[in-house]
Amino acid sequence: MSRAIEIPAADGTIDALVFTPENASGPLPAVVLLTDIGGLRPCYHEKAQRIADNGYAVLMPNVYYRDAVGTIVPAGKSFRDPDVRPTLVEYATRLTPEAQIRDCAALLSGIDNEAEFAGGKIGVVGYCMTGAFALRMAAEHPNRVTAAAGFHSAKLAQADDESSPVHQVESIEARVYFGHADQDELLPPEQIARMDEALAAAGVHFTTELYKGAAHGFTAKDAPSYDATADALHHKRLATLLEETLLEETL
């Protein structure tokens, strides 16, 4: 079950979808789902509903609201098509760390203003470029974010990037889980090691797992790199993280 909402933000109005279980009867723990570079589309609707069916209200915003509303990739096209991807890359350049911080604040206000969401702690999950966004949200709002996850995350800890989220982990209070593709050109082993070292030094409760044989984008059903086995493991790990940090807290 889903419905569309609009969330006022510093840079405009965020169009978003809220997913709940079919027979939800009252507010549920909140989970923010941030899409990969392809934006809102059917395979992410499916992801959000699957999470919701485990007992959550899921907020899935259009991360590209500054440039377009709703689905960005035209029907019948792929986000990887050469006539589509440059537009997405252009839109993504506006998602600076500062823009992400403003958007995270708006999303939390949106959660607090919608009846589907219970107050208090939330979870956040990101994919590809938004794995970094999820970590930044946890760092910026340690009093609200109790679980943060990233799958086939990209560019988490570039050595020459002073704005990388690897430099912000000291304030994180959430449990963190990363599911990495072991053949991911966008997150080489040295970046994984750098992030793990920073999280450990900060005393963050975290888990890093390599998905053997998986490539970047392994959870996206509309990508050629989709891996059903790795995708199923991602859902299992995410369900466990959210259950242990959100559901058990409310019991």
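**Notebook: pockets, cavities and the sheet**

I started with the second largest pocket, which has a volume of about 190 Å³. For my own reference, the model is a predicted one, where local features need pLDDT of at least 70, side-chain atom pairs count only at pLDDT 80 or more, and totals for chains, interfaces and linings use all residues. Residues are numbered from 1 along each chain as its sequence is written, and side-chain values use heavy atoms, with hydrogens and water left out.

**Entry 1: pockets**

I noted the terms before going on. On a 1 Å grid over the protein atoms alone, a pocket is an open set of points with protein on both sides within 12 Å along at least five of seven lines, a cavity is a set where a 1.4 Å probe fits but cannot get out, and lining residues have an atom within 4 Å of a point. Points are joined across faces, edges and corners, and a volume is the space filled by probe spheres set on them.

I listed the lining of the second largest pocket as D36, I37, F79, R80, R85, C128, H152, E185, L186, A215, H216 and G217. I sorted these residues into five nonpolar, three polar and four charged. My classes put Ala, Val, Leu, Ile, Met, Phe, Trp, Tyr, Cys and Pro as nonpolar, Asp, Glu, Lys and Arg as charged, and the others, Gly among them, as polar.

Next I looked up the largest pocket, at about 530 Å³. Of its 22 lining residues, A92, M129, F133, A154 and K155 are the closest to the centre. Helix 2 (85-92), helix 3 and helix 4 (130-140) are the elements giving two or more residues to this lining; helices (H or I, at least four residues) and strands (E, at least two) are DSSP runs numbered from the N terminus. By class I have twelve nonpolar, six polar and four charged residues here.

**Entry 2: cavities**

I searched the whole structure and found two cavities of 30 Å³ or more.

Helix 1 gives the most, with four residues, and helix 1 (42-52) and helix 6 (228-250) each supply at least two.

I then traced an open sheet of eight strands in the order 1-2-4-3-5-6-7-8, with mixed pairing. Strand 1 (2-9) and strand 8 (206-215) are at the edges with a single partner strand each, so one side of each has no neighbour in the sheet. Two strands pair if DSSP finds at least two bridges between them. Strand 7 (residues 175-183) and strand 8 run parallel, joined by seven bridges. Within this part I saw Q183 opposite A215 in strand 8, and A215 is also on my list for the second largest pocket.

Helix 5 (residues 189-201) packs on the sheet, touching strand 7 and strand 8, and its direction makes about 165° with that of strand 8. Contact means heavy atoms within 4.5 Å; axes are lines fitted to C-alpha atoms, for helices over the stretch in contact, and angles run from 0 to 180 degrees between N-to-C directions.
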